[in-house]
Amino acid sequence: MVLIHTVAFTQLETATDAQIAAAAAALSALAQSIESVEKVYFGRTFTTQRAKGYTHQLVVHLRGKDDLDVYAKHPEHVSVIQTHMVRLFDTANALAMDFEC
C-alpha cells in the first residue's frame, strides 16, 4: 500500500512568488533525497471559494505507513520546513492528513 501524506497551507501576505517557487523546488527535491518518498506534488489552488482560506496543497506519496515517521524526521524534510515553509506559510494552522491506498 502507498501512504498519501497531504498538507493544506495558507500563504502569508509577506511571501513572494519567487519565495514560493523556491519552496516548491525544495519540496520536489525531497523525492530525490529521501528514499521512501516516491512522488511530491505542491501547488496553489485555483478553487479559492472551496478552499476555506487555504492557498496551497502538498501531496507526498510514501512507500508505506512506516515511512511517515522517517519522512517527518529526515534532515532534508526538516530543513525545507525551517528554511521555507515556516517563513512563507501559516504552519501553525496547516491541515495535515494521511491515508493508505
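What covers the buried residues of H1? Among the elements doing the covering are strand S2 (37–44), strand S3 (56–62), helix H2 (67–73) and helix H3 (75–88). Keep those names handy, and remember as you go that this is a predicted model.

**Stop 1: the whole chain**

Show everything as a cartoon. The C-alpha trace spans about 35 × 25 × 20 Å along its principal axes. A compact globule with 101 residues would have a radius of gyration near 13 Å, and the protein chain agrees, with 13 Å. Of the 101 residues, 35% count as buried. Now think about which parts of the sequence meet: among contacts with a separation of 6 or more, 75% are between residues 24 or more positions apart.

**Stop 2: helix H1**

Select residues 17–33. That's helix H1, with 17 residues. From its first C-alpha to its last it reaches 24 Å, close to the 24 Å expected at 1.5 Å a residue.

Next, colour Ile-20, Ala-23, Ala-26, Leu-27 and Leu-30, which are the buried residues of H1. Turn the view until you look down the helix axis: the buried residues of H1 fall within an arc of 120°, so they line one face of the helix. Here's a handy rule for reading that view: an α-helix has 3.6 residues a turn, so residues three or four places apart point the same way.

What does the face turned away from the buried side of H1 carry? Select Asp-17, Ala-18 and Gln-32, the exposed residues you'll find there. Then bring the strands back into view: H1 lies across S2 and S3, and runs at about 165° to S2.

**Stop 3: the sheet**

Four strands form an open sheet in the order S2-S3-S1-S4, with antiparallel pairing. S2 and strand S4 (95–100) stand at the edges with a single partner strand each, so one side of each is left without a neighbour in the sheet. Ignoring direction, neighbouring strands of this sheet are turned by 15° against each other on average.

What holds neighbouring strands together? Strands of a sheet pair through backbone hydrogen bonds, either parallel or antiparallel.

Zoom in on strand S1 (residues 3–9) beside S3: seven bridges join them, and they run antiparallel. Look for Phe-9, whose bridge partner in S3 is His-56, and for Ala-8, which stands opposite Gln-57 in S3. Now slide over to S2, which is also joined to S3 by seven bridges and runs antiparallel to S3. There, Phe-42 stands opposite Leu-58 in S3.

**Stop 4**

Bring everything back and select S3. Five of the seven residues of S3 are buried, so this strand is largely enclosed by the rest of the structure.

Buried or exposed: how does Val-60 count? This residue of strand S3 has 0% relative accessibility, so Val-60 counts as buried. Leaving out residues up to four places away in sequence, Val-60 touches Leu-3, Ile-4, His-5, Val-37, Lys-39, Val-40 and Tyr-71.

Notes
Residues are numbered from 1 along each chain as its sequence is written. This is a predicted model: local features need pLDDT of at least 70, side-chain atom pairs count only at pLDDT 80 or more; totals for chains, interfaces and linings use all residues. Side-chain values use heavy atoms; hydrogens and water are left out. Helices (H or I, at least four residues) and strands (E, at least two) are DSSP runs, numbered from the N terminus. The expected span of a helix is 1.5 Å times one less than its number of residues. Buried means under 20% relative accessible area, exposed over 50%, partly exposed in between (1.4 Å probe, protein chains only). The arc is that of the directions from the helix axis to the C-beta atoms. Contact means heavy atoms within 4.5 Å. Two strands pair if DSSP finds at least two bridges between them. Axes are lines fitted to C-alpha atoms, for helices over the stretch in contact, and angles run from 0 to 180 degrees between N-to-C directions. The radius of gyration is taken over C-alpha atoms; the globule rule is 2.2 Å times the number of residues to the power 0.38.
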